[in-house]
Amino acid sequence: MYLYDLEHAAELLKKGHLVAFPTETVYGLGAAIFNSDAIASIFTAKGRPSDNPLIAHVSSLEQVEEIAEEIPERFYLLAKAFFPGPLTVVLKRKSHVPAIVSAGLPTIAVRMPSHPIARALIELVGQPLVAPSANLSGKPSATQAEHVLEDFEGKIAAVIDGGKTDFGIESTVISLLDDVPVLLRPGAITREQIEEVLQCSLSTEAGERVMSPGMKYRHYAPRTPIKTFSTLSALEDYLTSHPSKKMILSAGPFEHPDHFLLTAKDFYALLRLADQKNYSEILVLCDDELQKQTALMNRLSKALM
Ligand code: TXA
Ligand code: MG
């Protein structure tokens with residue numbers, strides 16, 4: 001069900017129910033961090049592999065200190081520059097935080113969302129909210145409340161309807177566990193922005209698959225098959241020789257009734273639309289303009305895996 005009353009939502013969360021809420025990136029499927037049973041039900045509802053850890057959403061730095069320990073100075077530099085906002089930082093977990101939150105890892109990913117509904121909800125519950133993206137595992141993330149219910153109607157207590165999310169792609173994830181910070185997932189906050197604040201280079205994504213379990217799975221994928229093209233002429237040739245109904249996505253204009261402008265904000269909604277409208281394929285023009293959008297290209301490549 002849709003919910004607009006935050007106090008009601010907070011009560012449901014305190015009782016151990018799951019409530020989805022908007023953030024500035026995508027919708028999250030929330031549970032209170034100290035309720036292990038509620039967190040277990042997130043994994044069940046999503047069909048999420050049990051080795052994929054969750055992000056703790058906080059509304060203050062005190063809450064970070066309540067759940068993480070041996071916090072390095074670099075964390076505070078990042079927090080000063082990017083909190084609240086679409087950056088998630090992996091730290092050491094305090095042992096009183098249920099291990100199920102981080103799928104048994106001795107670490108904890110923390111993020112302070114900037115969305116006013118998310119912030120207010122965390123404050124009303126009075127503890128961090130654990131929240132993966134509010135989609136069935138493997139499916140495109142939800143960027144509007146209707147998408148959350150498409151996946152979870154009848155399986156969760158409620159979704160707080162905050163309209164379309166602003167950025168549309170999940171947060172940047174960075175690990176501060178080692179001497180060299182590691183970029184685990186690209187997002188709205190770029191590698192360059194982080195390197196400027198930390199005054200050091202981030203390690204390459206080679207470690208990504210090992211360290212961030214979530215990144216090894218196929219993700220964000222619609223039922224409709226996706227094909228990519230590096231040149232406009234290759235795309236046009238394909239269209240001529242394959243006349244069935246295709247969805248065409250590109251970062252620039254293209255004269256065709258089934259063409260949509262591809263942006264980070266609309267990416268997941270377009271993948272869901274392709275399924276609803278029964279397009280036979282999604283054709284994406286991966287030209288230089290699109291290639292520049294690192295986070296979007298990362299999600300596209302995961303959907304193609
Ligand atoms: O923007 C976002 O980050 C959204 C909104 C709801 O906040 N959340 C989100 O959560 O994308 P999820 O569960 O879909 O993705 C979390 C990612 C996964 O790739 C997971 O492996 C990684 O963060 N992660 C979480 N905890 C981690 C940890 N302790 N160590 C390494 N990676 C971690
Ligand atoms: Mg996700």
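Helix 12 (residues 294-304) lies across strand 12 and strand 15, and runs at about 130° to strand 12. Helices (H or I, at least four residues) and strands (E, at least two) are DSSP runs, numbered from the N terminus. Angles run from 0 to 180 degrees between N-to-C directions, with axes fitted as lines to C-alpha atoms, for helices over the stretch in contact; contact means heavy atoms within 4.5 Å.

This is a predicted model, in which local features need pLDDT of at least 70 and side-chain atom pairs count only at pLDDT 80 or more, while totals for chains, interfaces and linings use all residues. Residues are numbered from 1 along each chain as its sequence is written, and side-chain values use heavy atoms, without hydrogens and water.

Strand 12 and strand 15 (residues 281-285) run parallel and are joined by four bridges; two strands pair if DSSP finds at least two bridges between them. Phe229 stands opposite Leu285 in strand 15. The open sheet has four strands in the order 12-15-13-14, with parallel pairing. Its edge strands, each pairing on one side only, are strand 12 (226-229) and strand 14 (259-261). Helix 10 (residues 267-276) packs on the sheet and touches strand 12, strand 13 (246-250), strand 14 and strand 15.

Helix 1 (residues 6-14) and helix 5 (residues 116-125) pack with their axes 9 Å apart, at an angle of about 55°. Their crossing is right-handed, meaning that the near helix is turned clockwise from the far one by less than a right angle.

Conventions:
Chains lettered and ligands numbered in written order.
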